[in-house]
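Try each task before reading its solution.

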Amino acid sequence: MTSRQRSAESNSLSPRRRTVVKAAAATAVLVAPLAAALPARAADEAPAFLHGVASGDPLPDGILLWTRVTPTTEAVPGSGLGPDTEVGWVVARDKAFTTIVAKGSVTATAASDHTVKADVRGLTPATDYWFRFSAGGTESPAARTRTAPASDAAVANLRFGVVSCANWEAGYFSSYRHLAARGDLDAWLHLGDYIYEYGTGEYGTRDTVVRQHAPAHEILTLADYRIRHGKYKTDPDLKALHAVAPVIAIWDDHEFANDAWSGGAENHTEGAEGAWSARQAAAKQAYFEWMPVRPAIAGTTYRRLRFGKLADLSLLDLRSFRSQQVAVGNGSVDDPNRTLTGRAQLDWLKAGLKSSDTTWRLVGNSVMISPFAIGSLSADLLKPLAELLGLPKEGLALNTDQWDGYTDDRRELLAHLRSNAIRNTVFLTGDIHMAWANDVPVDAGTYPLSASAATEFVVTSVTSDNLDDLLKVPQGTVTAPAAPVIQVANRHVHWVDTDRHGYGVLDITADRAQMDYYVLSDKTKANATSSWARSYRTRTGTQKVERTYTPV
């Protein structure tokens, strides 16, 4: 989510954002060097794989493999130290590595923070593989991955884990552990905020830092971003999930800084914190070094993957090209000269949705596209009031960091879906630290009389604070009174859970796309349990969400 609701303690349920008080950084508790936090090794010990292994961006004939080697004790992330090290990789049909199908080597250098990638091709579609790395006589743990189905294959079923918003200091990543334990995922989608940029104690933790990240200060430089990524990759639950299925990831703002846009961020002070262009470049470099993601168009994360004839997945970058956010109540949210996607990306998305010949068109979307309006005014009063006050024509926007703040892009995209009779478009969204199941209306003000152009499943946060955390009340306390108010003002919202943390499992067949929502017992407990909360689906051809009463 970014810091949507940081001010809720002082502003009731209003999630109007406030600037983080960075003075907290000056009194943050100092941490020992990162090297001290890593497993101790003798100076002459062989290279080690301390950050696990991972795979990503599955293709019918290939997969992207990733690891980070620590060649010497001092060569910790962000240090710039350590010798060039040859790293071998091997891919096999079986966990015992008796049937090797591909192998090779790549050199890890300080220039890439000793991270390496192998873009392996020539594999068989829709097939499980095992892979591992080696260096200096040391082997990494073995991991499972899976290729995508052939482009023209008739696919009966796909299953994806879906997550977003993992603040290290706010709790443990039990959601990753529970997804890893399933053993039935074709891949998992991370919809943004894989890391957070703040200094210790500066970002929502219910005033309790569950576990301290590194570095202790807000990350600004390339070394800082590398250290933070490295710290995340030591989490055992995250390593476990990376070791059982390929990830498909996009970034949101916290991979850079809160409420990032093309020319800056809310959580960036130009000059005092360096130039935004340098900080953005450092964040992007570290992200592509540390994530099993193929740099896509113009070095961003927007790209498209296909899973047979059943589904394709358009992945968006909603930070690199967007105009600066405007204040709530500013009529310029309707300004056609402002953009969330950028012209080239919006044209690319529209063309891909129109030309798609798959049953389902999935969109990996980092911020909510469904309108989120407040108030209980009827549509006939709300629209003229909005126009009079210079507010967005589609309602009173609560969060202008979302598509609500860029309504011209949204209108153009939804009109494109309707005018071209593009069916079965499902937006998969994170960011807002709440779980939602939404129709995406062409005209929110007259819905449900107006059409729904698509559907949207929004997953809650892995750990990042939501409303009960910000108000410091027991889990589940806020949803009961808040959800009905939200739904009265937003008739396209079928369900919203404002309080709990967890993950989603998206299951797709030719007949329906279903999201099962799972919640954690307590994000502050390393052994938190998981339980099924709700399920919603959209049946083919309907463009609407409906509740279903059992998970897949």
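**Exercise 1.** Leaving aside neighbours within four places in sequence, which residues is Asp 317 in contact with?

*Solution.* The model is predicted. Start with the position: Asp 317 sits in the loop that runs between β13 (311-315) and α6 (343-355). Next, list the contacts beyond four places in sequence: Trp 251, Thr 300, Thr 301, Tyr 302 and Gln 345.

**Exercise 2.** Is Asp 317 buried or exposed, and which side chain of opposite charge is nearest?

*Solution.* Asp 317 is buried. The nearest side chain of opposite charge belongs to Lys 284, 4.9 Å away. A salt bridge needs a nitrogen-to-oxygen distance within 4 Å. Asp 317 therefore has no salt bridge.

Now look for polar partners. The Asp 317 side chain makes a polar contact of 2.9 Å with the side chain of Trp 251. Another polar contact, of 2.6 Å, links the side chains of Asp 317 and Ser 320.

**Exercise 3.** How many residues has the largest nonpolar core, and which have the most contacts inside it?

*Solution.* The count is 40 residues. Phe 173, Tyr 176 and Trp 188 have the most contacts inside this core. Now trace the contributing elements. Two or more residues each come from α2 (174-182), α3 (222-232), α4 (236-242), β11 (247-249), α5 (276-290) and β19 (502-508). The largest share, six residues, is from α5.

Take Tyr 176 as a test case. Beyond four places in sequence, its contacts include Val 163, Trp 188, Leu 238, Leu 241 and Val 462. Finally, a separate core has 33 residues, including Ala 148, Trp 360, Val 459 and Tyr 536.

Terms used
Residues numbered from 1 in each chain as written. Predicted model: local features only at pLDDT ≥ 70, side-chain atom pairs only at ≥ 80, totals over all residues. Heavy atoms only, no water. Helix = DSSP H or I, 4+ residues; strand = E, 2+ residues; numbered from the N terminus. Buried < 20%, exposed > 50% of the residue type's maximum accessible area, 1.4 Å probe, protein only. Lys, Arg positive; Asp, Glu negative; His and termini not counted. Polar contact = N/O pair within 3.5 Å; in protein donor to acceptor, adjacent residues only side chain to side chain. Contact = heavy atoms within 4.5 Å. Core = buried A, V, L, I, M, F, W, Y, C linked by side-chain atoms within 4.5 Å.
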